[in-house]
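Dear colleague,

I am handing over to you the structure shown below. Please keep it open beside this message while you read the findings that follow.

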Amino acid sequence: YLLHLKFYSTTINIGVFTLKKGYLYIALSTFFFSTMEISLKLVAGNFNSIQMTVSRFFVGSLVLLPFAIKHLKAIEVKLEKKDLLLFAWLGFVCIVISMILYQLAVMHTKASVVASIFSCNPIFVLFFAHLLLKANIYKHNIIALILQIIGILFIINPFATKLSVLGIILTILAALTFAFYGVCGKKSTQKFGGTIVTCFSFIFGSLELLLLVFISHISGVDDLLISNNLDTFANVPLLSGYTLSSIPVFIYIAVGVTGMGYCFYFLAMEYTDANTTSLIFFFKPIIAPILAFIVLKEVIPINMIIGILFILTGSIYTILCTMKLQHNMDHQIA
């Protein structure tokens, strides 16, 4: 009896230790992700948007690479040509499309606004999953979406808005395409794990964007882009903007936010579950505006506070209903 008691006690202690590590990874990932928009805003005047995107994701992928290789060896699965092609497609959607839109959004509107609206992307995932993977959409998903749309409308405040309409549109498009990226990579994530899929999609995406950077320097192409008011995409620099003040911030963005942020995110997935890990996107709309106020002196108006509360209510409602649904399914199986 004492041996059994000691065994169960040891098992519980290990479980609690694992859970504590999971919450630590969630806290670290939440911090890094919540400082993303603020950090990008701090060096927005130093770097071209395309330059920043290709640089930070390439460096970030190198941070993730040792973890990805280790996991690839652990699962004893070899990457095939079709897997690499899928990673290339995912990288194009995530970095060349979504993250460029995201970077442009940060340039055109407040960091706190971008952080709050972008945090709605888990709800968009549900609808892309329904369209592409035939996943079920439940009543609580619809209610949560309505609450988050109301939240976005409060943040935008269309009747008295002083925010950039372009910035808002870019943020919503960035969130939609990022959700699309997540759904497209779902099957690969189930096969390889999130670390591998993210690392290799980042590598391919940054290399694809680098190719477009080289094309932007071709005579005639740059003139065409400039004549169509697309100066940001023309003659994209790669080495300019690095100063004694901008280099530390860039290292933090590339290694910390992009590399370690995603690394801790996937470690949290390993030590907890998807629902618990998704708390990151629920805390971010609270933490990011506060940090933006402290660091960037961005004022948080009452309409934005109300909007954030609506977004949080929709998110929390979703996770509680999902947990209840999962509990009922587990109970039926048992």
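The structure, which is a predicted model, holds 0 disulfides. For background, a disulfide is a covalent bond between the sulfur atoms of two cysteines. Two cysteines may still be looked at one by one. Cys199 has a relative accessibility of 0%, and because buried means under 20%, Cys199 counts as buried. Cys263 has a relative accessibility of 5% and therefore counts as buried.

**The nonpolar core**

In soluble globular proteins, nonpolar side chains tend to be buried together. Here, the largest nonpolar core has 78 residues. Which of its residues touch the most other members? They are Tyr102 and Phe202. Helix α4, which covers residues 81–108, gives this core its largest share, with 13 residues.

Apart from residues up to four places away in sequence, Tyr102 touches Met36, Glu37, Leu40, Arg56, Val114, Phe118, Ala174 and Lys284. Two of these names, Glu37 and Lys284, return in the section on Lys284.

**Aromatic pairs**

How many aromatic pairs are found in the whole structure? The search finds 20. One of them is formed by Phe32 and Phe264, and this pair is stacked, with 6.1 Å from centre to centre and 10° between the planes. Phe32 belongs to helix α1 (residues 2–34) and Phe264 to helix α12 (residues 246–271), and the pair thus links distant parts of the chain, 232 residues apart. Both Phe32 and Phe264 are buried.

Phe202 and Tyr262 are arranged in another way. Their ring centres are 5.1 Å apart and their planes stand at 90°, so this pair is edge-to-face. Because Phe202 lies in helix α10 (residues 194–215) and Tyr262 in helix α12, the pair ties together parts that are 60 residues apart in sequence. Phe202 and Tyr262 are both buried.

The side chains of Lys284 and Glu37 are joined by a polar contact of 2.9 Å. If neighbours within four places in sequence are left aside, Lys284 is in contact with Phe33, Ser34, Glu37, Tyr102, Ala115, Ser119 and Pro289.

Ser216 is found in the loop between α10 and α11, the latter covering residues 221–227. The relative accessibility of Ser216 is 1%, so Ser216 counts as buried. The side chain of Ser216 reaches the backbone nitrogen of Val236 at 3.2 Å. Beyond residues up to four places away in sequence, Ser216 touches Val221, Asp222, Leu225, Phe233, Ala234, Asn235 and Val236.

**Residues with a positive phi**

Most residues other than glycine have a negative phi, and most peptide bonds are trans. Where in the structure is Glu76, with its positive phi, found? Glu76 is in the loop between α3 (49–75) and α4, and its phi is near 55°. The relative accessible area of Glu76 is 72%, and because exposed means over 50%, Glu76 counts as exposed.

Asn235, one of the residues touched by Ser216, also has a positive phi, of about 50°, although it is not a glycine. Asn235 is found in the loop between α11 and α12. With a relative accessible area of 34%, Asn235 is partly exposed.

**Helix α6**

Helix α6 covers residues 121–133 and has 13 residues. From its first C-alpha to its last, α6 reaches 17 Å, close to the 18 Å expected at 1.5 Å a residue. Which residues of α6 are buried? They are Asn121, Ile123, Phe124 and Ala129. Just after α6, Lys134 takes a positive phi of about 60°.

Yours sincerely,

A colleague

Methods:
Residues numbered from 1 in each chain as written. Predicted model: local features only at pLDDT ≥ 70, side-chain atom pairs only at ≥ 80, totals over all residues. Heavy atoms only, no water. Core = buried A, V, L, I, M, F, W, Y, C linked by side-chain atoms within 4.5 Å. Buried < 20%, exposed > 50% of the residue type's maximum accessible area, 1.4 Å probe, protein only. Helix = DSSP H or I, 4+ residues; strand = E, 2+ residues; numbered from the N terminus. Contact = heavy atoms within 4.5 Å. Disulfide = S-S within 2.5 Å. Phe/Tyr/Trp six-rings, centres within 6.5 Å; stacked < 30°, edge-to-face > 60°. Polar contact = N/O pair within 3.5 Å; in protein donor to acceptor, adjacent residues only side chain to side chain. Expected span 1.5 Å × (residues − 1).
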